[in-house]
Amino acid sequence: MANLRFAVSIQRWVPWLGYHHILMILIAIAIILLSLLLAGCSSSSPLIPGIFLISMYYQNYVPTYSTAQVDPGVTAAIANIVGGAQMEVRVGYFGICVNNEGGGWLCSNNATALAESQSIDQDPLNLIWVASTFKDSIVFPYLIIVAIILAFVTFVLLATFPGWHEETNAATGSDIDVKPFPSRPVSQVALALIFIASIFVLVSVLWQHTASVAAATIAQDLGNGSVKSGVGTSAMVLGWFGFVLFIVVTIGLLVMILSIIVLDKLTDG
């Protein structure tokens, strides 16, 4: 009986779910994903330290030797300096997280405070300073912030689109469901805003991906045999999914506007 009531309730509301409501849902999901991306490493809350752009950690491994190395023996000197250090540093857009010997994460946007909480033996190569330099000099979160603001404005504009409502047919006297076309200027403004937001996210994600891979590669090469580094998969997934959702909304709005233009011409004809 409960399942029957649920089915009836769904059938009652689904017809009133407009095309623009689906676009609004996609925008909301994209905003949440991009907000999580920006929040990465900003606190020690569960899952937040797992959203990072780049990680660097001390680990002894067989170094890579190359004929391009002027002094291959420097790896032994670095290994002696590192000793038994096991610290890991993760970098987000607005914060840095530090973990020692598999313990809890300590996160802050203040690299000096994090450095003061560690001893020389825990961070002998100053990875916290390297992480802070990457965050302050290379990471640029403001394009994503602007994109989120533009997407929110688009969401508000879509919320103004007219929905289904009942009108009485003058000829038959019966009630019919009517949904007027949305304002064309409002639709065009929404399309322009979400398109710009998509471009901003694309540029930011490409920048993020390229910078993270480059920095991770260089950091590991400099700490050859003693330092490992990697790029955050979660951050990449959040960024690219946010971009894809914005593109889907952009295409959806474009299709809607073109469809309304075609229908107007057919009606006038």
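Trainee: How many bridges join strand β1 to β7?

Mentor: In this predicted model, β1 covers residues 54-58 and runs antiparallel to β7. The number of bridges joining β1 to β7 is five.

Trainee: In what order do the strands of the open sheet stand?

Mentor: The sheet is open and its pairing is antiparallel. Neighbouring strands in the sheet are turned against each other by 15° on average, direction ignored. The five strands stand in the order β4-β3-β2-β1-β7.

Trainee: Why is one side of β4 and of β7 left without a neighbour in the sheet?

Mentor: The order of the strands is β4-β3-β2-β1-β7. β4 (106-108) and β7 (227-231) therefore lack a neighbour on one side, as each stands at an edge with a single partner strand.

Trainee: What angle does the direction of α7 make with that of β7?

Mentor: Helix α7 spans residues 184-222. This helix packs on the sheet and touches β1 and β7. The angle between the directions of α7 and β7 is about 170°.

Trainee: Which element supplies the largest share of the lining of the largest pocket?

Mentor: The largest pocket has a volume of about 340 Å³, and 17 residues line it. β1, α5 and α7 each supply at least two of the lining residues. With six residues, the largest share comes from α5.

Trainee: How many charged residues are in the lining of the second largest pocket?

Mentor: This pocket holds about 180 Å³ of space. Its lining includes Y61, T64, D71 and D221, and the elements giving two or more residues to it are α3 (74-82) and α7. By class, the lining divides into four nonpolar and five polar residues, while the charged ones number two.

Trainee: Which helix gives the most to the lining of the largest cavity?

Mentor: A search of the whole structure finds one cavity of 30 Å³ or more, and the largest cavity holds about 70 Å³. Among its lining residues are L53, Y93, F134, S204 and W207. The lining has eight nonpolar, three polar and no charged residues. The helix that gives the most, with five residues, is α7.

Trainee: What share of the residues in the protein is buried?

Mentor: The secondary structure comes to eight helices and seven strands. Buried here means under 20% relative accessible area. Of the 269 residues in the protein, the buried share is 39%.

Notes
Residues are numbered from 1 along each chain as its sequence is written. This is a predicted model: local features need pLDDT of at least 70, side-chain atom pairs count only at pLDDT 80 or more; totals for chains, interfaces and linings use all residues. Side-chain values use heavy atoms; hydrogens and water are left out. On a 1 Å grid over the protein atoms alone, a cavity is a set of points where a 1.4 Å probe fits but cannot get out, and a pocket is an open set with protein on both sides within 12 Å along at least five of seven lines; lining residues have an atom within 4 Å of a point. Grid points are joined across faces, edges and corners, and a volume is the space filled by probe spheres set on the points. Helices (H or I, at least four residues) and strands (E, at least two) are DSSP runs, numbered from the N terminus. Ala, Val, Leu, Ile, Met, Phe, Trp, Tyr, Cys and Pro count as nonpolar, Asp, Glu, Lys and Arg as charged, and the others, Gly among them, as polar. Two strands pair if DSSP finds at least two bridges between them. Axes are lines fitted to C-alpha atoms, for helices over the stretch in contact, and angles run from 0 to 180 degrees between N-to-C directions. Contact means heavy atoms within 4.5 Å. Buried means under 20% relative accessible area, exposed over 50%, partly exposed in between (1.4 Å probe, protein chains only).
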